[in-house]
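Open the model in your viewer and keep the selection tool at hand. The tour begins at the ligand and then moves out to single residues.

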Amino acid sequence: MSEIEIPETHPRYESLLTRHRIEAGIETGITSKQGLIAQGRGEAFDYLLGEQTIESASAAGRAAAAHLLLADHAVLSINGNVATLVPGEMVELAEATDAELEVNLFNRTDERMEAIADHLREHGATEVKGLAADGTIPGLDHERAKVDADGIGAADVVLVPLEDGDRAEALAEMGTTELVVDLNPLSRSAQTATVPIVDNVIRAVPAMTEHASELRGDPEAQQAAIEAFDPEAALAAAEEAIRSGDL
Ligand code: PTJ
């Protein structure tokens, strides 16, 4: 039995676990109510993907890990869904790639910012950015534009899992190399990303950490992973997998 009293052999185990975590995130003030809607949308795509990491998503995860390793200053952006679904996994990915963690919210309140930063610290994070909010992403309205000047504001590579399209587009405009995890290959975030990873964040984040461990210390293999990856082909492969998915 697991944290949700459901055997791990249950065919819908991952999906039920995800729902349970989102629910728990809302109860503790980490996840916004809109996070439920976002999760529902994601789940529908995941169902059609067969709740598995397709080959093109695995290649994307490898390229993303390589970008994080080659970055001068990499930041992993955390919102309320990510914080409740994969807190420890994000801390591990940050450690494996020497990246920073920054809380960046669509529905920003001081209480949620603090709750998420505390939650990440409970999962082993030593430093969590986002609370200073002394920088801005140009071209966005006030709340959503807030970033740390020495965090996302100064990063050359940013991982933005489950992002809303506007902010993803604005970050891309800044010239930031943007790595996106989104189950919808047609979302603006996926479409504007340097590396779109069409996969559930629950699978994609630990997979990226594994890729990073393999690629670490091997700049040639990192470069090869980036060069071998074609974002348009990956998006097309994901769309094809979803459209031909069985209901
Ligand atoms: O915590 P906040 O305030 O920053 O708000 C976060 C949410 C996610 C609520 C906010 O950014 C939002 O409203 O996002 P959207 O516009 O609903 O977009 C979320 C995207 O993430 C959609 O394209 C979903 O398909 C996708 N998605 C949802 N759950 C997952 C996912 N992608 C990967 N893994 C998931 N588990």
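Select α2 first. Among the elements around the ligand, α2 gives the most to the shell, with six residues. Helices here are DSSP runs of H or I with at least four residues, strands are runs of E with at least two, and both are numbered from the N terminus. This is a predicted model, in which local features need pLDDT of at least 70 and side-chain atom pairs count only at pLDDT 80 or more, while totals for chains, interfaces and linings use all residues. Residues are numbered from 1 along each chain as its sequence is written, and side-chain values use heavy atoms, with hydrogens and water left out.

**The ligand shell**

Now show the whole shell. It holds 24 residues, and the closest are G80, F106, N107, R112 and D182.

Colour the shell by residue class. Seven residues are nonpolar, eleven polar and six charged. Nonpolar covers Ala, Val, Leu, Ile, Met, Phe, Trp, Tyr, Cys and Pro; charged covers Asp, Glu, Lys and Arg; the others, Gly among them, are polar.

Which atoms of the ligand and of R41 lie 2.9 Å apart? They are an oxygen atom of the ligand and a polar side-chain atom of R41. Go to D182 next. An N or O atom in the side chain of D182 is 2.9 Å from an oxygen atom of the ligand. Then pick L183, where a polar backbone atom is 3.2 Å from a nitrogen atom of the ligand. A polar contact is a pair of N or O atoms within 3.5 Å; within protein, one must be able to donate a hydrogen and the other to accept it, and residues adjacent in sequence count only if both atoms are side-chain atoms.

Taken alone, the ligand exposes 750 Å², and the protein buries 94% of that. Accessible areas come from the Shrake-Rupley method with a 1.4 Å probe; for residues, only the protein chains shown count as cover.

**Helix α5**

Select T97, in helix α5 (residues 87-97). Is T97 buried or exposed? T97 is buried, because its relative accessible area is 4%. Buried means under 20%, exposed over 50%, and partly exposed in between (1.4 Å probe, protein chains only). Draw a distance to L93: its backbone oxygen lies 2.7 Å from a polar side-chain atom of T97.

**Two exposed residues**

Jump to E27 in helix α1 (residues 13-27). E27 counts as exposed, because its relative accessibility is 66%. Its C-alpha atom is 12 Å from that of A115, 88 residues apart along the chain.

T136 is the next stop, in strand β4 (residues 135-136). T136 is exposed as well, at 54% relative accessibility.

**Two positive phi angles**

Most residues other than glycine have a negative phi. Select E51, in the loop between α2 and α3 (55-70). E51 has a positive phi of about 50° although it is not a glycine. At 26% relative accessibility, E51 is partly exposed.

End at L162, in the loop between β6 (157-161) and α8 (165-173). Phi of L162 is positive too, near 50°. L162 is partly exposed, with a relative accessible area of 25%.

Technical notes:
Near = heavy atom within 4 Å.
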